[in-house]
Amino acid sequence: MSMFEAESSMPCQVIPFPLTRRVTKVRDVAAKIMDKATDRQAEAYRNQVADGLFRHLAKIGVPEDEQDEQVGAFFTAVELELSRLFDLQDANGETSAY
């Protein structure tokens, strides 16, 4: 084998735009969740977003296990953004309707 040949038993997959790096989408989803009147509405919206993300990842050929990782990481980023928004709200003296 020459130095230009690579030996690989596992295919490599590059995800050009990981879901956690889609900052605008993360912030938008967090803001919309925060604006929901009830936890039930927020959960329904989360499910709707997750379904869309899974469909998109499947369409571009991302394996199911990687889809789970990507969507889970995305919602972790959304939760962090929600925490930041609640902290800002508290710092500004605003009260939540919850």
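Helices in this briefing are DSSP runs of H or I with at least four residues, numbered from the N terminus, and in that numbering Arg27 lies in helix 1. The structure is a predicted model, and its chain has three helices and zero strands, which gives the pattern α-α-α when read along the sequence. The mean pLDDT of the chain is 86, with 79% of the residues reaching 70 or more. Where pLDDT is low, the predicted coordinates should not be read in detail.

**Fold and confidence**

- Among the elements of the chain, the highest mean pLDDT, 97, belongs to helix 2, whereas helix 3 has the lowest, at 94.
- Of the contacts in the chain with a separation of 6 or more, 65% are accounted for by residues 24 or more positions apart.

**Surface and burial**

- The chain has 98 residues, of which 26% count as buried.

**The nonpolar core**

- In soluble globular proteins, nonpolar side chains tend to be buried together.
- In this model the largest nonpolar core has 20 residues, and those with the most contacts inside it are Val29, Phe74, Phe75 and Val78.
- Helix 3 provides the largest share of this core, namely seven residues.
- When neighbours within four places in sequence are left aside, Val29 is in contact with Tyr45, Val49, Phe74, Phe75 and Val78.

**Aromatic rings**

- The chain holds one aromatic pair.
- The ring centres of Phe74 and Phe75 are 5.2 Å apart and the ring planes stand at 90°, so the pair is edge-to-face, a class that calls for planes over 60 degrees apart.
- Both members of the pair, Phe74 and Phe75, are buried.
- Tyr45, one of the contacts of Val29, has Lys36 over the face of its ring, at 5.1 Å from the ring centre.

- Beyond its neighbours within four places in sequence, Glu81 is in contact with Val26, Arg27 and Ala30.
- Arg27, one of those contacts of Glu81, has a relative accessibility of 46% and therefore counts as partly exposed, since that class lies between 20% and 50%.
- Arg27 and Glu79 are 52 residues apart along the chain, while their C-alpha atoms are separated by 9.9 Å.
- Lys32 is also a residue of helix 1, and at 38% relative accessibility Lys32 counts as partly exposed.
- Lys32 and Ala42 are 10 residues apart in sequence, and the distance between them in space is 8.1 Å, C-alpha to C-alpha.

Conventions. Residues are numbered from 1 along each chain as its sequence is written. This is a predicted model: local features need pLDDT of at least 70, side-chain atom pairs count only at pLDDT 80 or more; totals for chains, interfaces and linings use all residues. Side-chain values use heavy atoms; hydrogens and water are left out. Rings of Phe, Tyr and Trp (its six-membered ring) pair if their centres lie within 6.5 Å; planes under 30 degrees apart count as stacked, over 60 as edge-to-face and the rest as tilted. Buried means under 20% relative accessible area, exposed over 50%, partly exposed in between (1.4 Å probe, protein chains only). A charge sits over a ring if NZ of Lys or CZ of Arg is within 6 Å of the ring centre and within 35 degrees of the ring normal. Helices (H or I, at least four residues) and strands (E, at least two) are DSSP runs, numbered from the N terminus. Contact means heavy atoms within 4.5 Å. A nonpolar core is a set of buried Ala, Val, Leu, Ile, Met, Phe, Trp, Tyr and Cys residues joined through side-chain atoms within 4.5 Å. pLDDT is the predictor's confidence in each residue, from 0 to 100.
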